[in-house]
Amino acid sequence: MEKTRILLVEDDPNLGMLLSEYLEVKGFDVKHCKDGEEGLKAYQEGDFDLCIFDVMMPKMDGFTLAERIRKSDVEIPIFFLTAKSLKEDTLRGFEVGADDYMSKPFSMEELLARLQAILRRSKKASNEKEAQTVFDIGRFTFDFNAQKLKDNEENTEQRLTSKEAALLRLLAIHKNEVMDRSEALKKIWLDDNYFNSRSMDVYITKLRKFLKSDESLKIVNVHGQGFKLVELN
């Protein structure tokens, strides 16, 4: 079974080492970074299931780091560790997208229990999204099983090919998040080679054409990562 991957960003080397060793003993795969900038770079280059951030750190604090990550990923669980216990700091943590929050010093056993609870909720939500087949996208209704995209304002339907439907479904599942290019290629084309990648670009162009009547919808390129279906408010 693949291990749960945790991004730990903690500037205290002793606490960072203790946390890493404890979580690894408990079966997690931990990447430890010592400041916010290093943590952001690791997040952008890696693939993680959960983040644990200290708040007060050099170069970039934990709140700013969480805000940067939330711009591209609204789903990944974020857990804050902090020496601060003021109510306004706790609220600030949740405002920037925290799933939970613990003040130092803390019990390792309680931390583990909270992390496991977050991961259970995250897995349940992910399974529910993966099972979804009908989506409201701007002014459209997309029925994956029927392979139809209905424009509810013009009362017209666009029939989609199986690959167009599969690609739009992945974009819809990850709406306002980055859809990883390699993940999409492996799920739909079963291989992320160069020729399949070029083929996917063609399908992305087709989907943009299908959605262009709704100016609130955009499929944007995210350099080095993939694509994002953005629904503007």
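I began at the hairpin of strand 8 and strand 9, where four residues lie between the strands and N155 takes a positive phi near 55°. I note here that the model is predicted. Strand 8 covers residues 148-151 and strand 9 covers residues 156-159. I looked up their pairing: four bridges, in the antiparallel sense. For D151, I found T156 as the bridge partner in strand 9.

Strand 11 spans residues 217-222, and six bridges join it to strand 12. The two run antiparallel.

Is strand 12 mostly covered or mostly open? I found it mostly covered, with five of its six residues buried. The strand runs over residues 226-231. I then looked for pairing with strand 10, residues 178-180. Three bridges join strand 10 to strand 12, and this pairing is antiparallel. Within it, I found M179 opposite F227 of strand 12.

**R70**

I turned to R70, which I placed in helix 3, residues 62-70. Is R70 buried or exposed? I count R70 as buried because its relative accessible area is 15%, and the cut-off for buried is under 20%. Which side chain does the side chain of R70 meet in a polar contact? I found D99, at 3.4 Å. I also listed what R70 touches, leaving aside neighbours within four places in sequence. The contacts are E75, I76, P77, I78, V96, G97 and D99.

**Whole chain**

I counted eight helices and twelve strands in the chain. The C-alpha atoms fill a box of roughly 60 × 40 × 30 Å along the principal axes. Of the 233 residues, 44% are buried. The chain exposes about 12,800 Å², and carbon and sulfur atoms supply 49% of that area. I looked at contacts between residues at least 6 apart in sequence: 53% of them join residues at least 24 apart. How many positive and negative side chains does the chain have? I have 37 positive and 43 negative, with the centres of the two sets 4 Å apart.

Note on methods
Residues are numbered from 1 along each chain as its sequence is written. This is a predicted model: local features need pLDDT of at least 70, side-chain atom pairs count only at pLDDT 80 or more; totals for chains, interfaces and linings use all residues. Side-chain values use heavy atoms; hydrogens and water are left out. Buried means under 20% relative accessible area, exposed over 50%, partly exposed in between (1.4 Å probe, protein chains only). Two strands pair if DSSP finds at least two bridges between them. Contact means heavy atoms within 4.5 Å. Accessible areas come from the Shrake-Rupley method with a 1.4 Å probe; for residues, only the protein chains shown count as cover. Lys and Arg count as positive and Asp and Glu as negative; His and the chain ends are not counted. The place of a charge is taken as NZ of Lys, CZ of Arg, CG of Asp or CD of Glu. A polar contact is a pair of N or O atoms within 3.5 Å; within protein, one must be able to donate a hydrogen and the other to accept it, and residues adjacent in sequence count only if both atoms are side-chain atoms.
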